[in-house]
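Here are my notes for you, in numbered points. Please keep the sequence and the structure open while you read.

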Amino acid sequence: MKRLSFNKTILIWMMFQLGPLGALFAQDNWQIFTTENTILGDNQINDILIVDGVKWIGTSWGLYTYDNASWIDYTDVLPNPLVNSISIDKEDRIFVCTIGGIAIYNGSMWETITSQNSIITNHVNEVVFDENNTAYIGTIDGLFKISDGIISTLLDSSSLEPGFINVRCLTFKGDSLCIGTINGGLGYLYNDSISWYNTNNGLIDNTSTDIVVDNENIWITTPYGGLISQLSNGSFIIFNTGFFSEWPSNSLNTIYKDDDLFYIGSSGSGFFSFSNEFGVQNTNIFNTENSGLINNYVLSIEKDEQGYWIG
């Protein structure tokens, strides 16, 4: 989930050539898609999901698909045109999270889940699925679950510390659900038991904008504290300008893992590759000055067989 409150123009690009980073992100390897040359209704790309080569693109005003040849506009089926995130379940159904509820596509038909026909809050940030295809729904008013078609509340203001309920991003580490919040810290839910971390016990920023798991370690992007890693032993490592003078940015929006590198999108500093081998961190920055990127606010990064897609 990669939505921010600023009103910047965010575009989507595709890079074709694979190889060394310098060649990969060279000026002539970029193709630009905007409201001027596509059917996109908005240039802020909040999330991208790629399924069998089809790009599902969620914007601040509309949902679209692109199959490298043609575009389809699905905005009219949404409960609200502002898309926060897009995900796919074990049955290949597409879940589109909006500020008005969830739209679900089974390949032929759409249905919606909103506060009008369920107990969930309309403003949905992200949905993830466990191995049993149980859906976990993060909203601005807590965490919900859909199991065998039944929706239940998992976490609300009475469950969270310190009474904070805005669930921003979700992922799984084994059987534990990792819960990133806005201003509420980081939670782990396992067997109906939850533990919390915040700035009092390890975190440097209580807001998470994105989370990935790699080799049993959690990697968290934050809007002010930079990049946080919680290792499998429970300890934290912080990567920001306070610890590394040449660190690109402390305001981070998204993280994507590809082979041995992370790709991290920032607010105002473009995006950068990141590696941390044997305790040595290395970054390679791409922005409007040294690449084909034409806006330095990056909210989403995905990859298919042709290259990287950057929102």
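1. In this predicted model, β7, β8, β9 and β10 line up in that order as an open, antiparallel sheet of four strands. Strands here are DSSP runs of E with at least two residues, numbered from the N terminus, and two strands pair if DSSP finds at least two bridges between them. The edges are β7 (83–88) and β10 (110–113); each has a single partner strand, so one side of each is left without a neighbour in the sheet. From one strand to the next, the twist averages 20°, with axes fitted as lines to C-alpha atoms and angles running from 0 to 180 degrees between N-to-C directions.

2. Within that sheet, have a look at β8 (residues 94–98) and β9 (residues 101–105): the two run antiparallel and are joined by five bridges. Phe95 has Ile104 as its bridge partner in β9.

3. A second open sheet of four strands has the order β19-β20-β21-β22, again with antiparallel pairing. Its edge strands, β19 (210–214) and β22 (236–239), each pair on one side only. Here the twist averages 20° from one strand to the next. Strand β21 (residues 227–230) runs antiparallel to β22 and is joined to β22 by four bridges; Gln230 stands opposite Phe236 of β22.

4. Residue numbers start from 1 along each chain as its sequence is written. Because the model is predicted, local features need pLDDT of at least 70 and side-chain atom pairs count only at pLDDT 80 or more, while totals for chains, interfaces and linings use all residues; side-chain values use heavy atoms, leaving out hydrogens and water.

5. Is Glu126 buried or exposed? Glu126 sits in strand β11 (residues 124–129) and is buried, with a relative accessible area of 13% (buried is under 20%, exposed over 50%, partly exposed in between, using a 1.4 Å probe and protein chains only). A polar atom of the Glu126 side chain lies 2.9 Å from the backbone nitrogen of Leu170. That is a polar contact, a pair of N or O atoms within 3.5 Å; within protein, one must be able to donate a hydrogen and the other to accept it, and residues adjacent in sequence count only if both atoms are side-chain atoms.

6. Asn290 belongs to the loop between β26 (280–286) and β27 (301–304), and is partly exposed at 41% relative accessible area. The Asn290 side chain reaches the backbone oxygen of Ile285 at 2.9 Å, and one of its polar atoms lies 2.8 Å from the backbone nitrogen of Asn287.

7. How many disulfides are there? With a disulfide taken as a pair of cysteine sulfur atoms within 2.5 Å, the count is zero. Cys178 is in no disulfide, and its nearest cysteine sulfur, that of Cys169, is 9.6 Å away. Cys178 is buried, with a relative accessible area of 0%. Cys97 is also buried, at 0%.

8. Finally, confidence. pLDDT is the predictor's confidence in each residue, from 0 to 100; the protein has a mean of 89, and 88% of its residues reach 70 or more. Residues 1–10 have pLDDT below 50, and this stretch has 40 contacts in the model beyond near neighbours in sequence (a contact means heavy atoms within 4.5 Å). Residues 12–19 also fall below 50, with 44 such contacts. Where pLDDT is low, the predicted coordinates should not be read in detail.
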